[in-house]
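Visitor: I have a structure open and would like to go through some details. Can we start with the terms?

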Amino acid sequence: MALYEQTETTTKVTLDDTETCCCTIETAQTINGHTEYVLRVQRGPYPENSWRILRRYNDFASLNKCLQISGIDLSFPGKKLIGNMRPDFIAERLNALQEYINQVLMNPILASSLPTKKFIDPDSYSTPFHDLALQYASMSLRTDGVYTLGQSLGPIGWRLRKHYFKVVHKPQGNKHSPGHSTTKHHLIKSSSQSHGKQHTTQVCVTTSTEKDYNSSTRDHSGRDDLILSWTEFGPDRYIDEKDIHTVLKNFGGVQHPYIVPIEHIASNDSGALVIRKFYKQGSLKDVLCSASPCNPFLSKYGSPKGRTPLPLKDLALYARQILEAIRFLHSKGMACGHVHCGNVIVVDGIAKLMDVENFIFGVPSFYRPFFVQHSKINTCEAIDVYGFGHLLYEMCMGYPLQDSYARQISDCPDSLKSLLESILSKDACKSSLPTLDQLTTHPFFGEYAGHFNDLYATTIAVQKPHLKFSTSAKEQLKLAVQKTENRVREEQRSVKNQKRLVRVQEMMTSEEEKKKIKQKAKHEQKQAKLRAQNSLQLNNGPPSTGSSGMAATVHLSSSTGGIVKSDSANSITSPQEALMSPPPHATDSGGSCSPQPPPSAPPIPGPPSSLPLFPPDAVSSSASGKLVKSISGDESTGGSGNRSALLQSICNFNKSGLKKIGPSEAGK
């Protein structure tokens with residue numbers, strides 16, 4: 001049974017909180033007198049990783065209320081009490097809510113917040129992360145016996161599964177008899193991530209002489225204030241549970257002038273805690289945004305009032321120091337993967353990198369949604385170079401780059417522009433990024449931090465860098481680097497394939513649209529042709545009939561290549577057929593035409609006296625090119641009698657009565 005439980009824990013898949021989500025409001029439905037909207041949420045590039053949830057307008061309003069702390073202006077539709085059940089109003093409200101949720105998910109700060117995650121994915125983010133972190137941290141410190149867990153600092157960071165607490169040293173010495181203890185029990189309240197709600201979670205033992213954390217930067221013994229961070233293991237943790245304790249123990253002794261030292265580090269099956277010195281000025285991002293480090297993440301970085309870029313000399317010095325810290329980690333077989341302004345502390349003109357243990361914890365990178373879009377950024381060194389480029393950009397501009405590459409870089413010297421373009425331009429991201437060693441020799445650092453090499457040599461002579469791993473730890477780190485890079489490449493291939501699929505679907509859709517447009521054009525052309533024929537009939541007027549009532553035929557001149565038309569829409573003859581038809585002549589007063597026989601036809605002997613001739617107006621052109629015999633009566637001459645006589649003569653016609661003549665007689 002124990003073996004089964006261990007296997008189940010090992011195969012547990014941790015959710016990557018940096019995966020982008022999109023939300024589409026498909027429809028609205030009325031249930032029990034109120035309107036509910038059906039939301040379809042998709043995580044990542046594949047449509048099969050999607051789900052549907054129901055949300056009311058009040059749910060959107062609650063989300064908007066939680067996000068107002070950021071100060072970001074969002075277009076949220078107002079509430080309406082009368083007429084809110086009309087179909088047209090519901091459709092209008094649906095479009096407004098869709099625009100609102102798009103604005104939220106397109107903002108990286110709002111999209112990564114816990115209220116937004118709970119709104120679109122309640123099944124995955126309803127876990128009490130903060131309470132679990134408090135429980136694990138308390139259990140770990142209880143066995144240590146050196147530190148006492150203090151008050152929670154709340155959601156000061158962007159990670160949902162990382163929590164910060166105040167920590168103080170336990171008093172040493174001054175032992176008393178069991179009946180005269182000077183300690184007392186009191187409740188320590190911790191603020192949850194719901195912004196303001198307090199939970200009584202733990203009974204801690206402290207002395208009555210301890211000072212409050214906020215009243216002084218040092219405790220009663222004169223030691224610096226400390227901060228504890230508890231982090232859950234992420235999806236990129238590839239070091240075995242039996243070896244991770246050894247790796248963390250070796251890493252806890254890291255020493256480098258540009259890396260924040262670690263006071264204490266420990267782990268269990270779910271995560272790890274790290275204790276460091278607390279710096280009142282906060283991170284470099286707090287300095288750039290003029291924000292207090294203990295304020296919530298949304299209020300600090302959502303819409304900061306002041307952004308201050310660094311002077312070029314300070315920028316070059318800090319960037320060069322961070323670059324040396326990254327190079328040192330890579331020289332020890334370990335990557336960083338989490339280079340950004342929030343992980344940099346500036347103390348007395350020296351920039352130091354912190355949270356470098358995140359690679360061992362396997363948590364996703366802050367810029368992961370960006371570099372998975374570029375297949376060339378597929379190594380740990382390239383990822384660190386890419387993060388370093390974003391760090392440079394934010395120090396230079398005062399605000400972060402909100403895209404995977406910089407479309408245009410301006411307002412900076414040419415040397416700095418060249419350095420930024422070598423990392424963040426579209427061509428650089430598509431081809432290859434410079435290496436860490438190549439960055440150190442860039443002309444920008446020679447121009448604005450030319451004395452750095454001498455300064456760094458003096459610094460490491462005083463504080464020698466140190467980080468030593470055991471042989472098994474080195475193998476575990478090497479394997480973790482390989483698996484991390486493989487996961488990045490797989491995700492990049494997935495994103496690339498999905499983009500290709502979307503393009504193919506768009507092309508197929510465009511081809512179908514083209515076919516529809518082509519068919520529609522053919523149909524309209526056919527209809528236009530029929531309308532033109534009908535219009536031609538109307539323009540020619542009604543059929544003109546003479547006294548005999550025969551339909552008149554409209555002829556177009558065959559010499560101009562025209563079409564010979566009759567009153568019927570189906571009577572269309574070609575110019576060649578028109579040549580076989582008798583030419584038109586002026587009609588007489590009776591309305592009858594007198595066609596002339598073809599000149600080359602031989603003369604035909606007249607019929608017997610009893611056989612009446614065909615009336616001259618009975619010959620017209622037809623669509624088949626043959627002569628059509630039209631029989632019509634004449635009211636003045638008794639047309640009905642002539643018609644019957646004509647029919648009788650045709651039936652009684654005797655071919656044997658015709659006389660064959662020779663050529664000599666035909667010419668007479």
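Guide: Helices (H or I, at least four residues) and strands (E, at least two) are DSSP runs, numbered from the N terminus. This is a predicted model, in which local features need pLDDT of at least 70 and side-chain atom pairs count only at pLDDT 80 or more, while totals for chains, interfaces and linings use all residues. Residues are numbered from 1 along each chain as its sequence is written, and side-chain values use heavy atoms, with hydrogens and water left out.

Visitor: Where does Asn32 lie?

Guide: Asn32 lies in the loop between β1 and β2 (34-43). Its phi is near 55°, a positive value in a residue other than glycine.

Visitor: Is Asn32 buried or exposed?

Guide: Asn32 is exposed, because its relative accessible area is 75%. The cut-offs are under 20% relative accessible area for buried, over 50% for exposed, and partly exposed in between (1.4 Å probe, protein chains only).

Visitor: And what about phi of Asp355?

Guide: Phi of Asp355 is near 60°, again a positive value in a residue other than glycine. Asp355 is found in the loop between β12 (350-353) and α12 (358-361). Asp355 has 8% relative accessibility, so it counts as buried.

Visitor: New topic. How many salt bridges does the structure hold?

Guide: The structure holds 20 salt bridges. The term means a side-chain nitrogen of Lys or Arg within 4 Å of a carboxyl oxygen of Asp or Glu.

Visitor: Which residue forms one with Asp17?

Guide: Arg161 does, and the closest N and O atoms are 2.8 Å apart. This pair links distant parts of the chain, 144 residues apart: Arg161 is in the loop between β4 (147-154) and β5 (162-169), and Asp17 is in the loop between α1 (2-10) and β1 (21-31). Both Arg161 and Asp17 are buried.

Visitor: What does Glu394 pair with?

Guide: Glu394 forms a salt bridge with Lys285, with the closest N and O atoms 2.8 Å apart. Glu394 lies in helix α14 (residues 380-397) and Lys285 in helix α9 (residues 284-289), so the pair ties together parts that are 109 residues apart in sequence. Glu394 and Lys285 are both buried.

Visitor: Where do Glu324 and Arg327 lie?

Guide: Both are in helix α11 (residues 312-331), 3 residues apart, which is about one turn of the helix. Glu324 counts as buried because its relative accessibility is 8%, whereas Arg327 is partly exposed, with a relative accessible area of 28%.

Visitor: Which residues are linked in a network of salt bridges?

Guide: Asp16, Asp236, Arg368, Arg487 and Glu491 are linked in such a network.

Visitor: Now the rings. How many aromatic pairs are there?

Guide: The structure holds 18 aromatic pairs. Rings of Phe, Tyr and Trp (its six-membered ring) pair if their centres lie within 6.5 Å; planes under 30 degrees apart count as stacked, over 60 as edge-to-face and the rest as tilted. Phe297 and Tyr301 form an edge-to-face pair, 5.0 Å centre to centre with 75° between the planes. Phe297 and Tyr301 are 4 residues apart in helix α10 (residues 297-301), so about one helical turn separates them.

Visitor: Which residues form one aromatic cluster?

Guide: Trp158, Phe366, Tyr367 and Phe370 form one aromatic cluster.
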